[in-house]
Structure formats: C-alpha cells, structure tokens
Amino acid sequence: MRLDDRLTGALLLALAIALLVYAMGLPPMPGQRYGAAAFPTVVALGLGLFSVLLIWQGWRTRRPGAPLFAWAGWVKDSRNLGNFLLSLALVGVYVAASDKIGFIPLSLAILFALFVRQGVTWGRAAAIAALATAAIQYAFASLLRVPLPRGLLDSIL
Amino acid sequence: MTVDTLLAALGLIADPQVLIVILFASAFGLFVGAMPGLTATMATALLVPITFFMPPIPALAAIVTASAMAIFAGDIPGALLRIPGTPASAAYADEAYAMTLKGQAGTALGAGVVFSAFGGIFGTVVLVTAAPALAEVALAFSSFEYFWLVCLGLSCAVLIAQDSAIKGMLALFLGLAAALIGLENPAAVPRLTFGTTELMGGIDMIQAMIGMFAIAEVLRAVAATGTRLPPPRAVTGAIFAGQWELMKKYPVQALRGSSIGTLIGALPGAGADIAAWITYATSKRFSKEPEKFGQGHVEGIVEAGAANNAAVSGAWIPALVFGIPGDSITAIVIGVLYLKNVIPGPTLFLNQPQTVTALFVIFFLANLVMIPFGWLAVKSARRILAVPREVLMPIVLMFCIVGAFAVTNSPFGVGVMLAFGLLGFVMEENGFPVAPVILGLVLGPMLEQHFVTSMIKADGMLLGFFKRPIAAALGVVTLLVWGSMIWRGLRALVRKAA
C-alpha cells in the first residue's frame with residue numbers, strides 16, 4: 001500500500017486535529033495551569049505542523065499523473081497477498097478466540113495453515129507444527145509459568 | 001568502583017544460572033543474527049518475555065550477550081550469501097562477499113569475529129569510564145535539564161535518520177501520541193482509552209516493539225514467499241590465522257572504528273547499522289588504498305566490524321545514566337530494567353553499584369566469549385543457513401504471539417502487537433522510519449513529566465527553561481539542532497523545486 005505524501009499528510013493532519021480537539025476537552029489539574037491537556041496539545045501541534053510540511057513537500061515534488069494511492073508490487077501476486085492476509089487473519093483469530101479454544105489447538109492450526117500455505121508438505125507441516133507447539137507450551141507454560149489459555153483442553157491439562 | 005563492589009558483582013555473575021543463560025543467549029543471538037531477515041533488535045524483543053522470569057542479572061546477561069552475538073553473526077550471511085544477516089552488516093556485505101569469491105571467506109569472517117570483539121570491548125571500556133562520570137554530573141539535573149536532554153535525544157534520532165526528516169518527525173510524534181494513551185500522566189486522567197480498561201495502563205512498550213520489529217518483519221517475509229536464498233558458499237581459508245597481522249596493520253582503523261561506533265551508539269536513535277555505514281565510509285576516505293575497496297579488501301571490514309559492536313556497548317551509556325535509549329535495542333532494555341526494578345538514571349550508580357558493575361563485567365565476558373562462539377558459528381554457517389524460511393517465519397510468528405501475551409497475560413496484548421506490526425509494515429512501505437515511533441513511545445511519559453513539571457515551575461515562562469546553566473547549554477544545542485534541521489529541510493525543498 002503506497003500512499004502519496006499529500007494523502008498521508010492529509011490523514012495525519014486529520015489525526016492531529018482530532019487529537020487537538022480531544023486535548024481541549026481534557027479536565028484541568030486542580031490548582032495548576034498545566035495538567036493532562038498540556039502535553040497532548042503540544043503533540044497535536046507538532047503532528048499537525050509536520051503533516052502540513054509533508055503535504056507541502058508532496059505538492060512540490062508531485063509527478064504529473066502519479067496516483068495518490070497505489071498497491072505495492074507484492075499485492076499483485078495472489079500467493080503473496082494470500083499469505084499476508086492469512087497471517088493477519090490468524091493472529092486476529094488468536095486474539096478473539098484463544099480464551100475459548102486455547103493455545104495448543106490454535107497454535108497447531110495456525111502453524112499448520114501457514115506451513116502448508118508456504119509450500120511445506122502436509123505431513124512435514126503437521127509434524128513440525130506439533131513439535132513447535134509442544135516446545136513452546138513446555139517452555140512458556142511449564143518452565144516460565146505463563147498462563148497460556150487452556151481453552152478446550154482445560155480438563156486435560 | 002571499589003574492590004568490594006567488584007567482588008560482589010563477580011559473585012552475582014559466578015552463579016551457574018547466569019553462565020548457562022550466557023551460553024544459551026549466545027547460541028540464540030548467533031542464530032538470529034545469522035538468519036537474513038531476523039535482526040538483533042528482533043532477537044532482543046523475542047528474548048524479553050523469557051527474561052521476565054529471571055532475576056535482573058541473568059536477564060541483562062541474556063540481552064547483552066544475544067545482541068552482541070547477533071550483530072557479529074550478521075556478517076556471516078553477508079560474506080557467504082551477499083545478504084546481510086542484520087542491517088548492521090549491510091555496509092560491508094558486498095566487500096565480505098567479494099573476499100569470499102577470492103577464496104578469503106575465512107579471513108573476512110575471522111576479521112568479523114576478532115574486530116567485533118575488539119570494538120565491543122573498546123565500547124565497554126568507554127561505558128565503564130564514561131557512564132559513572134556522567135552519572136555524577138547528572139545527579140544535579142532538574143526537570144529543565146532532563147526536558148532538554150530528552151528533546152535533544154529525540155531530535156538526534158530524527159537528524160540521523162536523514163532519509164526524510166519530515167517523515168522522521170512524524171514517526172516520532174506518532175510514538176509520542178501513542179504514549180499519551182492511559183493513566184500515566186501528571187494528572188492521572190484516563191486519556192484516549194475509549195472506555196476500555198485494557199488501555200488504562202497505556203500501550204505496552206514491549207508489545208509495540210515485538211510488533212514493529214518482529215511482526216512487521218514476518219509480514220514482509222510472507223509477502224515475499226518464493227524468493228529463496230541461494231545456497232551459501234563454503235568458508236575457505238583459516239579463520240584466525242593472519243588476524244594478528246591485521247591488528248598490527250590496521251590499528252588506527254580498529255581504534256577509529258571503535259571510537260566513532262561508541263559515539264554513534266551513545267547518540268539516541270542511532271545504532272550499529274548507522275555506525276557501520278559511517279565508519280566504512282571513513283575507512284575508505286582515509287585509506288592508503290581506496291581503489292581496493294569493493295573488490296574484497298579487508299580494511300573496511302576491520303573498521304566497520306569494530307564500529308557496529310562498539311555501538312552496541314555505547315548505546316548503554318545514555319540508557320543507564322539518563323534512561324534515554326541509545327538505539328532500538330536499549331529502548332527494549334529500558335523496559336526490562338523498569339520491570340526488574342533497576343530504574344535507569346544517575347541514582348542507579350549510587351543505589352545499586354554492584355548491579356551496574358556486574359553489567360559491565362557481563363559486557364566484557366560477552367565480547368570475550370564471542371571469539372570461540374563466533375568461530376563455532378562460522379564453522380556451522382552452512383547448517384544455520386539451511387534452515388528453511390517457510391518453516392522459520394511461522395514459528396517466529398507463534399513465538400511473538402506467546403511473547404506478547406506473556407507481558408500482560410491477556411490476548412489484548414497480542415492485538416496491540418498486531419496493530420503495531422501492521423503500522424510498522426505500512427510505515428516502512430511508505431518510507432517512514434520506525435525507530436522514532438519506539439523512541440517516542442519510550443520517552444513520551446518522561447518528556448511529559450519533565451515538560452509539565454518545568455512549565456509549572458517556570459509558571460509558563462519559556463525563558464525559565466534556560467535559567468540554569470546546564471539547562472541553558474542543552475537548550476541552546478537543541479535549538480541549534482532544530483534550526484539546522486529546518487534549514488536543511490528548506491534547502492532540500494528549494495533544490496527539488498528548482
């Protein structure tokens with residue numbers, strides 16, 4: 001995803017304005033002139049100033065006919081795009097479902113899916129996914145005592 | 001440093017746990033550094049969740065050893081594949097590969113090992129002498145001095161990332177904006193939490209860093225599947241034979257590389273990679289045989305190889321004395337120090353001298369064991385490089401997930417990691433440097449605290465920021481840095497338009 005500097009600048013300027021408006025609504029510190037709003041205001045002003053400079057720079061160096069937004073080369077390769085989106089989605093699934101499903105089943109599924117997707121044979125993918133999951137479970141849950149979510153396996157573990 | 005402190009520190013390190021940790025961290029650092037696409041910062045970020053469960057000394061030993069080893073190991077694929085293992089080896093990967101083609105891979109990698117250790121030890125000597133002296137001065141600092149110091153540190157980070165100063169500043173302000181989230185502000189008002197309790201504690205630095213330095217890298221790798229590494233070349237020639245002759249032939253280069261490297265490491269925001277680029281250039285500039293550079297000449301490797309490891313040690317100077325990270329690795333280190341209740345700052349040298357001394361000894365130890373471990377890594381280079389990336393990257397992803405989870409024991413942290421990973425990926429695609437985001441996130445709370453305290457003390461009068469002599473000097477230097485950045489930016493824009 002490649003954005004023209006003018007577009008990136010405009011988006012960041014919008015963020016700066018939103019932050020400034022938000023900062024103005026923060027409550028003052030009792031008895032003091034400077035409280036929770038002082039620093040966010042400075043950050044918003046700085047972000048705004050450099051966003052304007054980026055827009056200006058993008059404007060001065062624009063090439064005629066260049067689009068404001070273009071996909072990067074790798075997006076056009078459906079395999080790479082698929083790998084990318086699958087990786088994002090799988091981490092998203094982990095965030096949403098790890099409490100219910102648990103670390104072990106999710107780790108097996110995520111690793112297996114990514115290995116196969118990247119061209120590892122099914123049998124090898126299953127074996128490495130199982131080994132890696134067992135190693136991580138042992139290292140983190142048993143040795144380091146991280147409470148990895150047990151989920152479906154709660155009664156067994 | 002008294003004898004008692006030294007003995008106490010040695011007692012802390014003589015613990016078998018510390019020595020085992022150094023052993024494992026060495027192997028881990030060498031592996032991660034030698035794998036193209038996995039950086040020294042990533043090695044450190046991935047180690048953090050494990051260090052949570054260690055006492056302070058082994059935790060610091062793990063990080064110091066792994067980062068020093070990873071920076072050296074980046075030279076290995078540079079010499080054998082022409083692909084630097086970490087950005088710190090990029091400056092001279094072509095040179096090392098050219099030596100390999102001439103059958104001198106052993107000499108190139110041997111120089112990598114020996115001069116990395118030399119640079120690392122030089123940087124450590126500077127750290128040991130400069131840090132306590134600076135700490136003495138810093139004891140008298142008030143919020144005004146700290147305010148300017150943090151401003152100067154942040155500005156250096158942008159100034160040195162010269163690709164686009166405007167984009168660097170924007171990245172910095174994005175980091176500062178992310179640091180606003182949560183309750184940690186002078187008035188303890190919940191800010192930008194959008195009603196979620198999970199954001200009350202703010203954005204966790206470690207989760208953000210695992211995202212920006214590891215997840216972004218994994219995403220880049222899976223988005224480029226199919227680009228396989230070529231088979232690595234064999235290491236021919238002896239590794240250590242001839243290194244003593246190189247030391248006698250290029251003492252100035254080794255010392256110059258180490259000095260510049262330490263200095264660049266100590267500047268906030270600039271680390272081993274920039275140190276290597278600059279010293280490779282100075283090596284060529286002052287060489288008696290500049291025409292040989294690029295054709296397999298070891299001189300540049302001696303200087304830049306020493307510099308990048310010196311930078312690793314140098315970066316700890318501002319991190320320990322002021323709590324201002326010298327590079328992205330020490331940004332992570334500061335997070336770990338706080339977790340271990342080893343609060344960086346000048347009082348650390350007074351309150352916990354044995355911890356500081358133990359850290360110094362670990363630095364020496366890590367750089368000394370680099371020589372045998374480096375030799376082993378070079379000897380097993382072809383096996384390390386044969387590990388397929390399509391297997392490695394998903395495992396790294398899983399490790400990141402568990403690591404981010406372990407920081408707060410909540411899946412929300414994994415979400416934070418993912419968000420920052422995606423942000424880092426998009427930023428790099430659009431030419432924004434990511435290190436300033438992390439610096440902004442790390443230093444944001446400190447900057448806010450000193451800014452608001454100073455504003456209250458000076459009653460809003462900006463002149464009050466210049467009333468104390470050291471604050472005034474730091475303030476003037478900061479304003480000069482800002483002035484030079486604006487002047488350079490305007491000049492570049494006028495030139496582009498003309």
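Modeller: Helices here are DSSP runs of H or I with at least four residues, and strands are E runs of at least two, numbered from the N terminus. The model is predicted.

Biologist: How many helices and strands are there in chain A, and in which order do they run?

Modeller: Chain A has 5 helices and 2 strands. From the N terminus, the order is β-α-α-β-α-α-α.

Biologist: Is chain A compact or spread out, and what is its radius of gyration?

Modeller: The C-alpha trace spans about 55 × 55 × 20 Å along its principal axes. For the 157 residues of chain A the globule rule gives 15 Å. The computed value is well over that, so chain A is more spread out than a compact globule. Its radius of gyration is 24 Å.

Biologist: How is chain A divided, and what distance separates the domain centres?

Modeller: Domain 1 of chain A covers 2-70, and domain 2 covers 74-153. Their centres are taken over C-alpha atoms. The separation is 38 Å.

Biologist: What share of the 157 residues in chain A is buried?

Modeller: A residue counts as buried if 20 or more other C-beta atoms lie within 10 Å of its own. In chain A, buried residues make up 33%.

Biologist: What span should helix 1 of chain A have, and how far apart are its end C-alpha atoms?

Modeller: Helix 1 of chain A runs over residues 5-24, which is 20 residues.

Biologist: Which residues of helix 1 of chain A are buried, and what arc do they cover?

Modeller: The buried residues are A:Asp5, A:Thr8, A:Gly9, A:Leu12, A:Ala16, A:Leu19 and A:Ala23. They lie on the same side of helix 1 of chain A, because the arc they cover around the axis is only 95°.

Biologist: Which exposed residues sit on the face of helix 1 of chain A turned away from its buried side?

Modeller: An α-helix has 3.6 residues a turn, so residues three or four places apart point the same way. The face turned away from the buried side of helix 1 of chain A carries A:Leu11, A:Ala14, A:Ala18, A:Val21 and A:Met24.

Biologist: What covers the buried residues of helix 1 of chain A?

Modeller: The cover includes parts of both chains. From chain A come strand 1 (2-3) and helix 2 (38-60). From chain B comes helix 9 (165-179).

Biologist: How many residues does each chain bring to the contact, and which element of chain A gives the most?

Modeller: The contact takes 57 residues from chain A and 47 residues from chain B. Several elements of chain A supply at least two residues each, among them strand 1, helix 1 and helix 3 (78-101). By class, the side of chain A that touches chain B has 36 nonpolar, 15 polar and 6 charged residues. The top contributor, with 12 residues, is helix 2 of chain A.

Biologist: Where is B:Gly242, and how far is its C-alpha atom from that of B:Ala111?

Modeller: B:Gly242 is in the loop between helix 10 (205-222) and helix 11 (243-249) of chain B. B:Gly242 counts as partly exposed, because it has 17 C-beta neighbours inside 10 Å. B:Ala111 is 131 residues apart from B:Gly242 along the chain. Their C-alpha atoms are separated by 9.1 Å.

Biologist: How many residues of helix 4 of chain B are buried?

Modeller: Helix 4 of chain B runs over residues 56-73. This helix is mostly covered. Of its 18 residues, the buried number is 17.

Terms used:
Residues numbered from 1 in each chain as written. Chains lettered and ligands numbered in written order. Predicted model: local features only at pLDDT ≥ 70, side-chain atom pairs only at ≥ 80, totals over all residues. Rg over C-alpha atoms; globule rule 2.2 N^0.38 Å. Buried ≥ 20, exposed ≤ 12 C-beta atoms within 10 Å, placed from the backbone. Expected span 1.5 Å × (residues − 1). Arc of directions from axis to C-beta. Contact = placed C-beta atoms within 7 Å. Nonpolar A, V, L, I, M, F, W, Y, C, P; charged D, E, K, R; others polar. Domains from an automatic or database assignment.
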